[in-house]
Amino acid sequence: MRVEPLRGWRHVDVTTRRTKVDFARQARDLVDVHYPRAERITLVMDNLNTHRMSSLYEACPPAEARRLIAKIEVVHTPKHGSWLNMAECELSAMERQAIGGRVADQPTLRKCAATWESDRNGKFNRIDWQFRTDDARIKLRRLYPQISAT
């Protein structure tokens with residue numbers, strides 16, 4: 001799942017597994033197809049083992065991997081904060097709105113995902129992120145150091 005929250009755009013790829021090659025293909029697609037004129041693309045991702053720039057070196061020739069990496073800036077969500085990941089929120093919305101349970105096969109899932117993506121993108125459903133610093137301090141307090149003022 002790739003999401004651009006303020007534009008109201010998302011793209012779903014249905015693959016057999018989530019491999020380093022799949023990640024490299026999606027990175028190349030972002031750089032060359034969706035944002036060819038961008039100087040820098042910021043990716044906010046979870047800590048899945050394939051979500052590493054080193055995956056590009058395993059899936060592409062070195063020069064191609066370097067070219068892609070030069071355009072991509074990576075920001076990882078906290079390890080226990082998948083609810084902060086907008087792509088995860090969109091996957092949840094897709095599950096509720098279009099899938100609703102087990103799907104018989106990959107072509108059916110692809111069709112459901114494409115229909116949902118087209119409908120959601122057509123409505124320009126933007127993500128109005130409401131998470132603020134004060135909320136973060138409450139929700140993530142166990143991650144912040146405790147300072148005693150004695």
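Where is the place of Ser55? Ser55 sits in helix α2, which covers residues 54-59.

## Basis of the description

This is a predicted model, with residues numbered from 1 along each chain as its sequence is written. Local features need pLDDT of at least 70, side-chain atom pairs count only at pLDDT 80 or more, and totals for chains, interfaces and linings use all residues, while side-chain values use heavy atoms, with hydrogens and water left out.

## Overall fold

The protein chain has six helices and four strands. Along the sequence they follow the pattern β-β-α-β-α-α-β-α-α-α. Helices (H or I, at least four residues) and strands (E, at least two) are DSSP runs, numbered from the N terminus.

The protein chain has 150 residues, of which 32% count as buried. Buried means under 20% relative accessible area, exposed means over 50%, and partly exposed lies in between (1.4 Å probe, protein chains only). Of the contacts in the protein chain with a separation of 6 or more, 72% are between residues 24 or more positions apart. A contact means heavy atoms within 4.5 Å.

Ser55 counts as buried, at 1% relative accessibility. Not counting residues up to four places away in sequence, Ser55 touches Lys20, Phe23, Asn49 and Thr50.

Arg52 is found in the loop between β3 and α2. Arg52 is partly exposed, with a relative accessible area of 31%. Leaving out residues up to four places away in sequence, Arg52 touches Phe23, Asn47 and His76. Arg52 and Ala24 are 28 residues apart along the chain, and their C-alpha atoms are separated by 9.4 Å.

## Nonpolar cores

A nonpolar core is a set of buried Ala, Val, Leu, Ile, Met, Phe, Trp, Tyr and Cys residues joined through side-chain atoms within 4.5 Å. The largest one has 16 residues, and Leu43, Leu56 and Ile72 have the most contacts inside it. Helix α1, strand β3 and helix α3 (62-71) each supply at least two residues of this core. The largest share, five residues, comes from α1. Apart from this core lies another of seven residues, among them Met94, Ile99, Ala113 and Trp116.

Ile72 is found in strand β4 and is buried, with a relative accessible area of 7%. Not counting residues up to four places away in sequence, Ile72 touches Ala27, Val31, Arg40, Ile41, Leu43 and Met53. With the same exclusion of residues up to four places away, Leu43 touches Leu30, Ile72, Glu73, Val74 and Val75.

## Arg28 in helix α1

Arg28 is placed in helix α1. Its relative accessible area is 29%, and Arg28 is partly exposed. Leaving aside neighbours within four places in sequence, Arg28 is in contact with Val33, Cys60, Glu64, Arg67 and Leu68. Arg28 and Leu56 are 28 residues apart in sequence and 9.1 Å apart in space, C-alpha to C-alpha.

## The aromatic pair

The structure holds one aromatic pair. Trp9 and Tyr35 form this pair, which is edge-to-face, at 6.4 Å centre to centre and 85 degrees between the planes. Trp9 lies in strand β2 (residues 9-11) and Tyr35 in the loop between α1 (20-34) and β3 (41-45), so the pair ties together parts that are 26 residues apart in sequence. Rings of Phe, Tyr and Trp (its six-membered ring) pair if their centres lie within 6.5 Å; planes under 30 degrees apart count as stacked, over 60 as edge-to-face and the rest as tilted. Trp9 is buried, with a relative accessible area of 10%.

## The largest pocket

The largest pocket has a volume of about 1300 Å³. On a 1 Å grid over the protein atoms alone, a pocket is an open set of points where a 1.4 Å probe fits, with protein on both sides within 12 Å along at least five of seven lines; lining residues have an atom within 4 Å of a point. The volume is the space filled by probe spheres set on the points, which are joined across faces, edges and corners.

The lining of the largest pocket has 48 residues, and Met1, Arg2, His51, Asn85 and Ala87 lie nearest the centre. The largest share of the lining, eight residues, comes from α4.
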